[in-house]
Amino acid sequence: MAATIAWVSDGEQPKPRRRRGRRRGRRAAGPPEAGTQQPAGPRDVNPADTPPATPKPQRSGPRRPTERLRTVHETSAGGLVIDGLDGPKESQVAALIGRTDRRGRMLWSLPKGHIERGETAEQTAIREVAEETGIQGSVLAALGSIDYWFVTEGRRVHKTVHHYLMRFAGGELSDEDVEVTEVAWVPLQELPKRLAYADERRLAEVADELIDKLHSDGPAALPPLPRSTPRRRGQTHSRTRNHRTDPTAQPQPGRRANGYGQGP
């Protein structure tokens, strides 16, 4: 079978494909055209021709200094008054005070307050117990000290509180103090779960050990009281009270009149 050959005239030759041009705005590589100014490189820049940097705007007025809190130191004293020290532990009770916090919760703690000018820590403990609970107590031994920080009225306060083990000497529980919501005799065994603060719960454990020594070896087995000198200066502030007993008055011996009735 004869092959068929197709002829194509010159006018019908296929045209070669044209390359697509570069993106608009770009120049093809090559020498620059006459009269065209090329941007100068970093080596071609004359420092004298460089415009000066624009200065940053300055703040108007003096810079406000940071407010610093004034630090003050306060010292207080208080006590854990125990009734029934000569009897078995099951019958021993301790005097606690209760205060209502902002959430309406009753927080139980040991009575305590600021050391006034001319007082020793032991004298303050006796006075504060009388003012906040209405009862009298005598100091037997030191339980320990607690210190903590808090901020109030634009001041940073470092507070140290000295606590003592005390024997009930007379009186009747009273909540006449404006800063006390309730007062109560609490069984010694319930102090770990009744006291609101961990530091005071540890002091209650120390008191329990000292009471065991008192029972086994007598008062001579208790550690001697640390030396305490009268305070020379007044405190930064003192709490206002509506009832203040005479700290020089002698306690009247006797039993508690209200028993356990004040406790929750």
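**A nonpolar core and its surroundings**

The largest nonpolar core holds 23 residues, and those touching the most other members are Leu-80, Ile-82, Leu-96, Leu-143, Leu-165 and Leu-191. Two or more residues of this core come from each of five elements: the strands β1 (70-83), β2 (93-100), β5 (135-152) and β7 (182-187), together with the helix α3 (198-217). The largest share belongs to α3, which gives six residues to the core. This picture, like the rest of the description, rests on a predicted model.

Leaving aside residues up to four places away in sequence, Ile-82 touches Gln-92, Val-93 and Ala-94, then Leu-165, Met-166, Arg-167 and Phe-168, and finally Leu-188 and Ile-211. A separate core lies apart from the largest one; this other core has 17 residues, including Ala-77, Val-81, Val-93 and Ala-95.

Stepping back to the whole protein chain, its secondary structure consists of seven strands and three helices. Read from the N terminus, the order of elements is β-β-β-β-α-β-β-β-α-α.

The protein chain has 264 residues, of which 32% count as buried.

Conventions. Residues numbered from 1 in each chain as written. Predicted model: local features only at pLDDT ≥ 70, side-chain atom pairs only at ≥ 80, totals over all residues. Heavy atoms only, no water. Helix = DSSP H or I, 4+ residues; strand = E, 2+ residues; numbered from the N terminus. Buried < 20%, exposed > 50% of the residue type's maximum accessible area, 1.4 Å probe, protein only. Core = buried A, V, L, I, M, F, W, Y, C linked by side-chain atoms within 4.5 Å. Contact = heavy atoms within 4.5 Å.
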